[in-house]
Amino acid sequence: MVYLFCGLLGGAILAAICTPLFRKETTLESAIIEETQWDLLQRKKEVILGNIQDLEFEYKCGKLSEEDYQKIRAEMNAEAAQVFQQVESLESSADLDALIRREISARKTRSNSVTQTSCPSCGSKNPTTNKFCADCGAKLKP
Ligand SMILES: [Zn+2]
């Protein structure tokens, strides 16, 4: 009875793991546009940790041989270590403030890249739709 339960649950989990794998390409692409690199790594981390949990569950249910378990677990560990390292280097290389500033300016440039005008007073970039400079408040156009 317990084995049957484990088997059913294991199958459901396996389906849940595999479904996002097939959709990965499109969702990842849109995620890159919507999210920062840090967001992305955090999510990747959660997915990997979830996969490890599922793997352990299946192993405990007896669905995996010791050999398979060790092999897959090692692969997952390596993947997790890689992501942890990426997160760490991202957080330590630049302080988070600098990272946030960089992301914000990247987004600003992305959305305003076509229509920007320099302020005649302070020289900062403003969208051409602005009548006044966002930085110093000077009138942008006569
Ligand atoms: Zn200005």
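Where is C133 found? Let me walk you to it by way of the rest of the protein.

1. **Ground rules.** What you have here is a predicted model, so to speak of local features a pLDDT of at least 70 is needed, and side-chain atom pairs count only at pLDDT 80 or more, while totals for chains, interfaces and linings use all residues. Numbering starts from 1 along each chain, following the sequence as it is written.

2. **Layout.** The protein has four helices and two strands, and from the N terminus they run α-α-α-α-β-β. Helices (H or I, at least four residues) and strands (E, at least two) are DSSP runs, numbered from the N terminus.

3. **Confidence.** The average pLDDT (the predictor's confidence in each residue, from 0 to 100) is 78, and 67% of the residues score at least 70. Confidence is lowest in helix 1 (residues 2-34), with a mean of 57, and highest in helix 2 (residues 37-60), with 90. Over residues 30-34 the pLDDT is below 50, and this stretch has two contacts in the model beyond near neighbours in sequence. Where pLDDT is low, the predicted coordinates should not be read in detail.

4. **Burial and contacts overall.** A residue is buried if 20 or more other C-beta atoms lie within 10 Å of its own, exposed if 12 or fewer, and partly exposed in between, with C-beta atoms placed from the backbone. Buried residues make up 4% of the 142 in the protein. Two residues are in contact if their C-beta atoms, placed from the backbone, lie within 7 Å. Of the contacts with a separation of 6 or more, 38% join residues 24 or more positions apart.

5. **Helix 2.** After helix 2 comes G62, with a positive phi near 85 degrees.

6. **Q82.** You will find Q82 in helix 3 (residues 66-93). Q82 counts as partly exposed because 13 other C-beta atoms lie within 10 Å. Q82 and K45 are 37 residues apart in sequence, and their C-alpha atoms are 9.5 Å apart in space.

7. **C133.** Back to the opening question: C133 sits in the segment after strand 2 (125-127). C133 is buried because it has 20 C-beta neighbours inside 10 Å. Leaving aside neighbours within four places in sequence, its contacts are C119, S121, C122, S124, N126, A138 and L140. For S121, the separation from C133 is 12 residues in sequence and 8.6 Å in space, C-alpha to C-alpha.
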